[in-house]
Amino acid sequence: MKIAAMKNKVTAGKRVADSMGKPDLLAQELSETRRAFDEFFELAPVSFLTLDENGRIVDANSQAAELMGFSSSWLTGKSFVVFVANECLSAYREHLKRCAGARRSIVDVHLNIIGRTVYARILSVLLTDRERTIYRTAIMDITEMKETERRLGESTADWRSLVQNAPDVIVKLDRHGQ
């Protein structure tokens, strides 16, 4: 464990020990921690969803709402699977099964969002306690990356075709003709 992390744990432990018998101080510390988590969740530069054990959206940050084209409140209670493209449903279901077994999983899928296809990399972590099971899910829009891969593949295929079908020999020379 890094020294900074150990110092943070010691400091947090001291604050809890100092606050024993001081419920107001403990409540304030808890409130500040909750506020910091809420800010992190809401202001993160990546789309975050919390899904229940049935795949329904419990919470969505502003980045997820923007990616999916709906407000966070509208998304709440909706099944996430309705956004997954039909051709990716089995991969997504397998992702959830892997997550249930290994506690985390990553999958690339197509999402159908208001008439457009978004290529997404989904990372889910399964969390369970006595009361519930949830998936904390990060969604990264990889549409540009996939489009670049496609164009690169086409360019490579064009180059290979050109070289293979060239009627003459292609020679690469430097500035000096060598």
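I114 lies in the loop between strand 3 and strand 4, where strands are DSSP runs of E of at least two residues and helices are runs of H or I of at least four, numbered from the N terminus. The model is predicted, and local features need pLDDT of at least 70, side-chain atom pairs pLDDT 80 or more, while totals for chains, interfaces and linings use all residues. Residues are numbered from 1 along each chain as its sequence is written, and side-chain values use heavy atoms, without hydrogens and water.

The phi of I114 is positive, near 45°, in a residue other than glycine. I114 is exposed, with a relative accessible area of 59% (exposed is over 50%, buried under 20%, partly exposed in between; 1.4 Å probe, protein chains only). R103, in the loop between helix 5 and strand 3, is not a glycine either and has a positive phi of about 80°. At 38% relative accessibility, R103 is partly exposed.

D52, in strand 1, is buried without a salt bridge, and R56, the nearest side chain of opposite charge, is 5.4 Å away. A salt bridge requires a side-chain nitrogen of Lys or Arg within 4 Å of a carboxyl oxygen of Asp or Glu; Lys and Arg count as positive, Asp and Glu as negative, with His and the chain ends not counted. A polar atom of the D52 side chain lies 2.8 Å from the backbone nitrogen of N54.

How values were computed
Polar contact = N/O pair within 3.5 Å; in protein donor to acceptor, adjacent residues only side chain to side chain.
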